[in-house]
Amino acid sequence: MKGWTVKSRITLWMGLMTVLLSLLLLLFLLSLSERIMRQTSMAQLEQVVRSNADKVSQKQGKLVLKEDFNFYHSNVNLLIYSKKEALLAGQVPVSFNRSEPFLNGVLRQVEAQDGPVCVLDLWIPFDWEEGVWLRGLSQLPLKAQTTKSLLLFAAAGIPLFVLLAGFGAYFILRRALRPLSAITEMVSAINDTDDLTARLPEPRHKDEFALLTQSFNGMFARLEKAVEIEKQFTDDASHELRTPVSIIKGACEVAEKFDETPQERRETLEIIHRQADKMANLISCLLQMTRLEHGTEKLQMEKQDISGLVARLLEEYDLPSLHYIPSSVFARIDQTQFLRLAQNLIDNALRYGKGEVWISVYEKGKEAIFEVKDNGIGIAPMEQARIWDRFYRVDASHSDEQGTGLGLAMVKRIAEALGGYMTLDSREGRGSTFALHLPLQRP
Ligand code: ADP
């Protein structure tokens, strides 16, 4: 059965089950029919004997039978015996044991030569002393006969029954599994064309196939995102690393070709060092962002007082131009990611500001807010939406040479990974305020 389709396998099982059930039904019918036939015969015997009992009387010592007394009626044989058990009227079947004792009113089954017989005797009294016995005999159908006719019926019926059940099962399954075939065809088509943006149409009914379709669509969406992120990483890395690599190569070629003075050599080495640092920073930022986007970065989310964390970070800067307005505020964060975000915002404020930076932590409504404000060059309204994009830098002349253009893109992704979002309030020439909003936690 290994290479069989589900349809064929279920059909076969249905066929076997039908055979088994039919045989069980046959056995049940056999035992039931025998019992029912015996009960029907006995009831009939009793009814015939009792209804004929008042048709027997005596007149001047002679037995008198009414006109409608019937010796053979509904498979019941009636016999009349004297008090001394001598046969007066009726014909005893040859196979019946003539010496069967008389038992008044007792309905019973006795064995005769050609099968079981039901017997009922009734004593019909004429006066104190005289009376006759009325005996009723009813032949029971032979067990073998019943079995034979049922088996005959089964021999013709069961194969027909199995055939019908098999066909029925096959057509029902074919109809029921049609959506599965459609899903398989569509998935193969998507696989063949390599088009991960394609999606399966959602079925109208909310059944198992709808769930399967949803799972496939979810899988395609994840695949599409993963491929997109990977492509973005490769594009970004190859594009952004090209400049520092060519600067390093150029510096090396100059150093090889010309006899540089010690001063020039030091400058060349400084260029190489700066560009190498830039490359290392770029690669680490790109990897970090790719992990955040993939969701593979393991976050250790803990409820923390963020004001304490910020205070410790500012101690490392140890700059008098950083002004801190703390307030105890709790939020669920991953400490490393939060510090990375804070550091990026503070570095930018120092880079693009005029020196003074105000950092505050406070709660507003249901949010915990971490804010970094500077009085620097500010960002034009039309640029404000774009600064969150990778490698977007407002104006190369303004932007720091060491910057990668990835800082704010990473800040945005970290904010989302922590379950929050970023806002920016900025005016050109006046300064900018970057704020991280997180769901507030009770201490
Ligand atoms: P970069 O490495 O260039 O700093 P970022 O992603 O951190 O990259 O920032 C993107 C651009 O946004 C910067 O190049 C800069 O022009 C602008 N920017 C960021 N922070 C500030 C700020 N505090 N004030 C003014 N401009 C800013």
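This is a predicted model: local features need pLDDT of at least 70, side-chain atom pairs count only at pLDDT 80 or more; totals for chains, interfaces and linings use all residues.
Residues are numbered from 1 along each chain as its sequence is written, and side-chain values use heavy atoms, leaving out hydrogens and water.

**The largest pocket**

- The largest pocket comes in at about 810 Å³; a pocket here is an open set of points on a 1 Å grid over the protein atoms alone, where a 1.4 Å probe fits, with protein on both sides within 12 Å along at least five of seven lines. Its volume is the space filled by probe spheres set on those points, which are joined across faces, edges and corners.
- It has 36 lining residues, and Asn348, Arg351, Tyr352, Gly407 and Leu408 sit closest to its centre (lining means having an atom within 4 Å of a point).
- Helices H5 (262-294), H7 (335-352) and H9 (407-417) and strand E15 (431-441) each give two or more residues to this lining, with H7 giving the most, eight. Helices (H or I, at least four residues) and strands (E, at least two) are DSSP runs numbered from the N terminus.
- By class, the lining has 13 nonpolar, 15 polar and eight charged residues; Asp, Glu, Lys and Arg count as charged, and Gly is put with the polar ones.

**The ligand**

- The ligand is surrounded by 20 residues, the closest being Asn348, Tyr352, Arg393, Thr404 and Leu408 (a heavy atom within 4 Å is what counts).
- On its own the ligand exposes 520 Å², and the protein buries 98% of that (Shrake-Rupley areas, 1.4 Å probe).

**Strand pairings**

- Strands E1 (residues 56-59) and E2 (residues 62-65) run antiparallel, joined by four bridges; strands pair if DSSP finds at least two bridges between them.
- Gln58 has Leu63 in E2 as its bridge partner. The two strands form a hairpin with two residues between them, and Gln60 in the turn has a positive phi of about 50 degrees.
- E9 (residues 301-305) pairs antiparallel with E11 (residues 330-334) over five bridges, with Asp305 partnered by Phe330.
- E11 also pairs antiparallel with E15, over two bridges, and there Phe330 stands opposite Gln441.
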